[in-house]
Amino acid sequence: MDTKLNDLASRVVEANRARDEPEDDDAIFAELEAEIENDENAAFRERGLQQLRLQVDKLKHMQANAYGTYSEIVDEKEVIRISAHDPRCVIHFYHSNFKRCEIMDKHLAKLAPKYSATRFLRVFVENVPWLVQRLGIKVLPCVMSFMDGVMKDHLIGFEEIGNSDIFETAVLELRLSQNGVLQKASDQLGALSYSIAPASGRNTRTRAVDDDDIFDLDD
């Protein structure tokens with residue numbers, strides 16, 4: 001029965017991706033509602049509509065909050081709120097003048113749509129000075145993982161993923177998976193999929209820095 005419910009929720013997602021009209025959600029939902037009511041399985045009819053609504057609500061929440069994308073947050077209070085309340089999030093603290101931060105961006109952008117039940121963010125360190133100090137961030141790139149407000153792990157530089165600018169995304173994926181922060185949408189909602197959205201709102205302030213292997217904020 002759960003598999004069938006997941007399939008119904010997935011059909012709503014596919015409809016949203018294929019159409020632009022706002023009334024499509026209601027039309028597809030009415031179709032699925034009728035399908036549930038006409039099902040021969042009494043238990044499915046009893047639970048079906050309630051479970052479908054819950055799954056669709058979860059889906060809309062994830063879409064509204066940019067799950068499945070690699071997005072940028074520029075407001076420090078919003079970063080704090082997300083890290084404190086989201087079930088799973090990966091936050092990349094970066095500086096625009098550091099090449100290795102750009103490399104990390106490319107890999108995280110590939111992982112975000114694959115693990116669309118985890119929120120992936122990038123944060124320009126000069127936008128969040130209090131948080132940088134509070135978390136003791138001194139070396140970039142720095143990727144921190146949070147689950148329900150608890151920091152589960154932090155990855156500093158490239159030392160733990162080969163210490164080279166050239167590495168496979170799978171290496172970073174394996175490293176992040178060890179702390180449990182990566183979760184696919186299919187684990188919650190069925191076989192759902194999302195597309196990559198470009199990071200927005202990037203702060204373009206620059207300062208002269210040496211593009212060394214390690215970017216030290218104390219320098």
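**Cysteines and sheet**

Author: Cysteine 142 has 2% relative accessibility and counts as buried. Keep in mind that the model is predicted.

Reader: What makes cysteine 142 count as buried?

Author: Buried means under 20% relative accessible area. Cysteine 142 has 2%, so the label is buried. Cysteine 101 gets that label because its value is 1%.

Reader: Why are strand 1 and strand 6 said to stand at the edges?

Author: The open sheet has 5 strands in the order 1-3-2-5-6, with mixed pairing. Strand 1 (70-72) and strand 6 (150-156) each have a single partner strand, so one side of each lacks a neighbour in the sheet. The twist averages 25 degrees from one strand to the next.

Reader: How do you know that strand 2 and strand 3 pair?

Author: Pairing takes at least two bridges found by DSSP. Strand 2 (residues 89-94) and strand 3 (residues 119-124) are joined by 6 bridges, so they pair. These two strands run parallel. Valine 90 stands opposite phenylalanine 120 in strand 3.

Reader: Which strands does helix 7 touch?

Author: Helix 7 (residues 169-177) touches strand 2, strand 5 (142-147) and strand 6 as it packs on the sheet. The direction of helix 7 makes about 150 degrees with that of strand 6.

Note on methods: Residues numbered from 1 in each chain as written. Predicted model: local features only at pLDDT ≥ 70, side-chain atom pairs only at ≥ 80, totals over all residues. Heavy atoms only, no water. Buried < 20%, exposed > 50% of the residue type's maximum accessible area, 1.4 Å probe, protein only. Helix = DSSP H or I, 4+ residues; strand = E, 2+ residues; numbered from the N terminus. Axes fitted to C-alpha atoms, helices over the stretch in contact; angles between N-to-C directions. Contact = heavy atoms within 4.5 Å.
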